[in-house]
Amino acid sequence: MKVHFQERPALKSLNFLELQSHLSVMGVSASLALKIFHSLYRDLQPESICLQEIGKPSRAILAGGFQSVSLKIIQRVTSTDSSEKFLFQLEDGLKIETVFMPSRKGGHSLCLSSQAGCPLACVFCATGLMGFQRNLKAEEIVEQVVSVQRAVLPRRIQRLVFMGMGEPLMNYEQVKKAVEILRADAGFNFSARNITISTAGVIPGIQQMKKDMPELNLAVSINAPHQALRESLMPIAKKYPLDALVECLSRYPLPHGGRLLLEYVLLGQVNDSVQDAIELCRVLAGVKGKINLIPFHHYPGLSFRRPDFSRVRAFAQTVREHGFPAYIRQSRGQDIYGACGQLGGGTTPRCMLLQEDKPPLCRG
């Protein structure tokens, strides 16, 4: 198969086979691809140092042969629960956020962004307030992992969740390429079962993921038990209706015993009643999934309220009684605006107190 490249590709935009092919085109031994991947993704070396460590004859050929990608960490804040939010500035000045979630049991997770801003305008999400700025390139997604992993050593990131800023399946090709790079044996070697792609229900993207990456975990935001309410909360539902989404999910291939992750943001007095739970289970009949309940997280400019916990418990119990496993998410990073729906792409005050939830002051 013939491989086509732009004149000077970004080094972190190439998967392992592409890097081998590109080196061959440049007249450099393809065997150096392994050394470069080890240097970039295992040793976490900056690109300039990585290429300097190549033998002198090859170094001369490679000099100037690749574009570099640079994500500048302009803020790093730490939550009282030890989560850390990184604010990155891209080379064109746009900003994205990435959240590191350590675990005492191991299995540290990183929540990645796939777009600057988001085109979906979900009314309960801070990223939706930003509007859409642009898609991230594969190398910018990969660089989030490299930069944060370097920053949090000696802890090792083991799980990746595409649940940050943006809709991953509306930047499908770049997300797919980033996943290929991050899964390479010669690099980070992330396991498919430790990578989750989250979507608001972009049906063509789900269908394409079913063909290309069925081994990855799929999470789908449902957030309403019927079409009219879902449309009012998530405008994307007008294009991809709930009944069509449920039909698509009912046909999604799963490993034996596997389930889809169905995410449901609970908005006080909007979609959090026992009747809503009953209707949700009726709508989802035929979908093999587990329901992840996410009580709303406050963010300035969003008018919703977090439901009383008694309503959250009642909702969860009703879902379980109707045959679906249900979990109440133990959200991380609320006090630094780092939880689900709180990534707004702006500088976070070093100390702040949320108006509604009133968690402890953040540190960092």
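Which residues of helix α1 (residues 16-25) are buried?

1. In this predicted model, the buried residues of α1 are Glu18, Leu19, His22 and Leu23. They cover an arc of only 135° around the axis, which means that they lie on the same side of α1. An α-helix has 3.6 residues a turn, so residues three or four places apart point the same way.

2. What do the buried residues of α1 pack against? Their partners are α2 (32-42), α4 (56-62) and α7 (172-183).

3. The ends of α1 can be inspected next. At its start, a side-chain oxygen of Asn15 comes to within 3.2 Å of the backbone nitrogen of Leu17. Just after α1, Gly27 has a positive phi of about 85°.

4. The axes of α1 and α2 are 9 Å apart, and the two helices pack at an angle of about 130°. On the α1 side the contact is made by Phe16, Leu19, Gln20 and Leu23; α2 contributes Leu32, Ala33, Leu34, Ile36 and Phe37. Leu19 and Leu23 of this contact are also among the buried residues of α1.

5. Ile203, Ile206 and Gln207 of α8 meet Ala244, Leu245, Cys248 and Leu249 of α11.

Note on methods. Residues numbered from 1 in each chain as written. Predicted model: local features only at pLDDT ≥ 70, side-chain atom pairs only at ≥ 80, totals over all residues. Heavy atoms only, no water. Buried < 20%, exposed > 50% of the residue type's maximum accessible area, 1.4 Å probe, protein only. Helix = DSSP H or I, 4+ residues; strand = E, 2+ residues; numbered from the N terminus. Arc of directions from axis to C-beta. Contact = heavy atoms within 4.5 Å. Polar contact = N/O pair within 3.5 Å; in protein donor to acceptor, adjacent residues only side chain to side chain. Axes fitted to C-alpha atoms, helices over the stretch in contact; angles between N-to-C directions.
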